[in-house]
Amino acid sequence: MKNTIAERIYDFLKDFPPFEFLTKKKLMQISTEVQIIYLEKGKSLFNKNDSFHQYFYIVRDGAVGLFHTVDGIQNLVDVCDSGDIFGIRPLINKENYSLTATANEESIVYGIPIEIFELVSENSKKINKYLITSFASNSYDPYTTEQSGEIFGDYIPSNNQDLVNFQTANYTKNPITCTINSNLKEAALKMSENKIGCIVVVDNEKRPVGIITNSDIKNKIATGLFPIETSVVNIMSSPVVTFPKEITVSEGQLKMIKESIGHLCITKDGTSNSKLIGILTNHDILVTIGRNPSVMLKEIKRAKRIKTLRETRNKANILLKGYLEQNIPLSHILKIISEINDAVTVRTIELSLDKMKTSPPVNFAWIALGSQGRKEQLLYTDQDNAIIFDDVPKEIYDETQQYFLELGQLITTGLHKIGYEYCPAEMMCSNPEWCKSISEWKDQFRGWILNPDEKAILLSSIFFDYEFIYGENSIVEQLTKSIFETVNKTSIFFSFLGTDALRSPSPLGFFKNLVVEQDGEHKGLFNIKSRALMPLIDAARLLVLSKNIKNINNTSARYEKLAEIEPQNKELYESCSYAFKALLKFKTKQGLLHNDSGQFIDLESLSKEETLKLKRCFKPIRNIKELLKLRFPVSNLI
């Protein structure tokens, strides 16, 4: 006899993850055992500290609130609406409920028997992956003990080659060393006896102070530059580049390419102030993995023409697509693509300098702003950059600025040819407003900070995310020092930044539906940048500035640092970090799919699973905004 109730339940469940991953036969098996529960408004399904049920739940109609109770006062943690599952964590962990589930409105809930569900879903990788990701995206629940290691379950590498890239590098332990009192002949004999190509020079406490390679002996001894009896300190390369023993293959290779070296010293705490415990060579890396983005970085360094840079940068998108498809951790993807972006920029600047008739009249620094400054630029975006040059006498200021404006024009033109669009607001180093001396930049920031207004806050939101890319880094350090000194003189600036962060439009409407653009060329599309990413970016910037945290520009890294120094808000910050990575990955995938920036999304093209995952990432946005309201006096400015 036909079971029409079970078929209706099946028709509902089949559209929602994780049930959509089951065959019809298996899902019907579950549907026939589902418990249908009607809840009046205010009626609780389970209470905090109740023993776990034999069911987990999915909302059929209505909405169910999850509450945490402290001293008899209920605090709303989450609201589950149609298609949301809840109550599964206690079943899997075999623990009492930590929250109370109460109907926010008249609701119908399906109780899914865990025993039947586990039976039919056994060994399903898709279902396991969904559940782990679901837990992670609900991780802002300060009343649970979510294991941080599970948070990024969705991004576990799935390919053997990728696993190799992100595994800890296999370095040589107990490396051969000599002391700073040795002469070169003694060191060379050790190298010969041990058949090695380099030897590390250490001090009395076994700390690495230099390194000697076969090339040093060839270039400095064989040529007669130094006698064979010379002290090792005369020919060693110093200081050495050090890393902790947890260095990954990918990190090691990128560092060697960036520094143009073939050896890294592994020390006890990762700095040159601790004992040497190993050495990692380029040969070790090549033996381990064969090939990776280093080839691309070498091509960029050797490029003689902008055309070559464009071709190489385009390959990065192919690399990016492959990484996303293989679920490589986004933090690693960001590091690799950022290194490629920075390398492309550096080479563009070098080629532009070659075209100038004379060398720069004074030292200068080229800084990236916006997404490149935060090292979050995965796809081509608009250019945001600036030049800072050393102070010069007033009478030669104009001609000095003119030199750097011409250089800036060559650079921005080169970047445009590669694929980076010009900034519509002309926030580029070819604009006199963004090409100034260090003193003028300090005055500029002082004005923005001490006399904030809407324009100042808009510019601050771009310029506070700067990253040194080329030139004299000490100039940028001067600016950073000046900014933080000024920031500490006022609190009104933070209030303006907080107000601006809270003004970002909500991603969800009154009925928890995704809000789309109401007019313009993107009418009907969801703006993931302004409604989801920017609130997290703005909040992270404000919070690290208020904590005087310098030199951490990346949004997820900012939240991870905040979680470290504010353990009482650890889960909130970790959930913000996760949500940001998930949203950025979402945007990037959309961009690659439609060959655009991915900023505007057609919601009709998303699956139910994608829509639910997207919505779950909005929960930390709501909570970080609440924290801003409590921490900064913004009420009078909204």
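## A buried aromatic pair and its surroundings

Phe-19 is buried, and Phe-56 is buried too; here buried means under 20% relative accessible area, exposed means over 50%, and partly exposed lies in between, with a 1.4 Å probe and protein chains only. This is a predicted model, where local features need pLDDT of at least 70 and side-chain atom pairs count only at pLDDT 80 or more, while totals for chains, interfaces and linings use all residues. Residues are numbered from 1 along each chain as its sequence is written, and side-chain values use heavy atoms, leaving out hydrogens and water.

**The protein as a whole**

- The protein has 26 helices and 21 strands; these are DSSP runs numbered from the N terminus, with helices (H or I) of at least four residues and strands (E) of at least two.
- Of the 638 residues in the protein, 52% are buried.
- Among contacts between residues at least 6 apart in sequence, 72% join residues at least 24 apart, a contact being heavy atoms within 4.5 Å.

**Aromatic pairs**

- A pair of aromatic rings is described by the distance of the centres and the angle of the planes.
- Rings of Phe, Tyr and Trp (its six-membered ring) pair if their centres lie within 6.5 Å; planes under 30 degrees apart count as stacked, over 60 as edge-to-face and the rest as tilted.
- By this rule the count comes to 24 aromatic pairs.
- Phe-19 and Phe-56 form a stacked pair, at 6.4 Å centre to centre with 5 degrees between the planes.
- Phe-19 lies in the loop between α1 and α2 (24-31) and Phe-56 lies in strand β3, so their pair ties together parts that are 37 residues apart in sequence.
- Phe-445 and Trp-448 form an edge-to-face pair, at 5.0 Å centre to centre with 75 degrees between the planes.
- Both Phe-445 and Trp-448 lie in helix α18 (residues 438-450), 3 residues apart, which is about one turn of the helix.
- Phe-445 counts as buried because its relative accessibility is 2%, and Trp-448 counts as buried because its relative accessibility is 6%.
- Phe-445 and Trp-448 belong to one aromatic cluster, whose members also include Trp-434, Trp-441 and Phe-632.

**The sheet that holds β3**

- Strands of a sheet pair through backbone hydrogen bonds, either parallel or antiparallel.
- An open sheet of 4 strands runs in the order β1-β8-β3-β6, with antiparallel pairing; two strands pair if DSSP finds at least two bridges between them.
- β1 (35-39) and β6 stand at the edges with a single partner strand each, so one side of each is left without a neighbour in the sheet.
- β3 (residues 55-61) and β8 (residues 107-113) share 6 bridges, and Ile-58 stands opposite Tyr-110 in β8.
- β3 also pairs with β6 (residues 85-86) over 2 bridges, where the bridge partner of Ile-58 is Ile-85.
- β1 and β8 pair over 5 bridges, and Gln-35 stands opposite Gly-111 in β8.

**A covered strand**

- In strand β17 (residues 385-389), 5 of its 5 residues are buried.
- Both faces of β17 are covered, with Asn-385, Ile-387 and Phe-389 on one side and Ala-386 and Ile-388 on the other.
- β17 pairs with β16 (residues 364-368) in the antiparallel sense over 5 bridges, and with β18 (residues 435-437) in the parallel sense over 3 bridges.
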